[in-house]
Amino acid sequence: MTVMQIAGVALISIAALAIIRTYRPDLALALSITVCVVILIAVVGNIAEIKGVVDQMLTGYGLDALHIKVIFKVIGIAYIAQFAADACRDAGEGAIASKVELAGRVLIVATAMPAMISILSLLQSLLVST
């Protein structure tokens with residue numbers, strides 16, 4: 001799905017939601033979440049292409065897979081937390097949305113810790129050897 005198609009789906013959904021929300025707010029929330037899931041599923045197909053490019057970079061440049069995996073995990077956590085927080089906000093639950101975002105930030109830091117420790121160890125070994 002191209003960005004133009006996604007934008008078209010989003011704009012049509014917004015127009016439909018504006019009309020539906022007036023008469024059936026419960027259906028509007030369900031439609032909103034459904035559209036978000038459809039867009040998310042449409043984009044997930046591109047992950048295989050991204051993974052292929054990353055694998056080529058790892059083998060071609062001799063990069064450490066740990067750091068690349070951490071980067072993608074962090075990006076995934078950020079997207080999922082943002083998606084969940086936006087869904088909470090759409091449902092009128094701002095307090096829950098802010099807690100989901102906080103949880104996402106904490107999980108990002110926890111996920112990045114092994115890579116940060118690895119980088120700090122590398123820097124320490126470079127400083128000691130010089």
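Here is a friendly note, in numbered points, on the predicted model above.

1. **Ground rules.** Because this is a predicted model, local features need pLDDT of at least 70 and side-chain atom pairs count only at pLDDT 80 or more, while totals for chains, interfaces and linings use all residues. Residues are numbered from 1 along each chain as its sequence is written, and side-chain values use heavy atoms, with hydrogens and water left out.

2. **Fold.** The protein has five helices and zero strands, where helices (H or I, at least four residues) and strands (E, at least two) are DSSP runs numbered from the N terminus. Its pattern along the sequence is α-α-α-α-α.

3. **Overall shape.** Along the principal axes, the C-alpha trace spans about 70 × 35 × 15 Å.

4. **Burial and surface.** Of the 130 residues, 15% count as buried. Buried means under 20% relative accessible area, exposed over 50%, and partly exposed in between (1.4 Å probe, protein chains only). The protein exposes about 9300 Å², and carbon and sulfur atoms supply 75% of that area. These areas come from the Shrake-Rupley method with a 1.4 Å probe; for residues, only the protein chains shown count as cover.

5. **Contacts along the chain.** Contact here means heavy atoms within 4.5 Å. Among contacts between residues at least 6 apart in sequence, 48% join residues at least 24 apart.

6. Side chains of opposite charge can pair when their charged atoms come close. The structure holds three salt bridges, each being a side-chain nitrogen of Lys or Arg within 4 Å of a carboxyl oxygen of Asp or Glu. One of them joins Asp26 to Arg24, with the closest N and O atoms 3.2 Å apart. Asp26 counts as partly exposed at 48% relative accessibility, and Arg24 is likewise partly exposed at 41%.

7. **The network around Arg89.** Asp86, Arg89 and Glu101 are linked in a network of salt bridges. Arg89 meets Asp86 at 3.4 Å, N to O. These two residues are three apart in helix α4 (residues 65–90), so about one helical turn separates them. Asp86 is partly exposed at 33% relative accessibility, and Arg89 is partly exposed at 38%. Arg89 also meets Glu101 in a salt bridge, at 2.7 Å, N to O. Since Arg89 lies in helix α4 and Glu101 in helix α5 (residues 94–129), this pair ties together parts that are twelve residues apart in sequence.

8. **Glu101 up close.** Leaving aside neighbours within four places in sequence, Glu101 is in contact with Gln82, Ala85 and Arg89.

9. **Ser32.** Ser32 sits in helix α2 (residues 25–44) and counts as buried, at 8% relative accessibility. Which residues does Ser32 contact, leaving aside its neighbours within four places in sequence? They are Leu17 and Asp90.

10. **Ile20.** Ile20 belongs to helix α1 (residues 3–23) and is partly exposed, with a relative accessible area of 28%.
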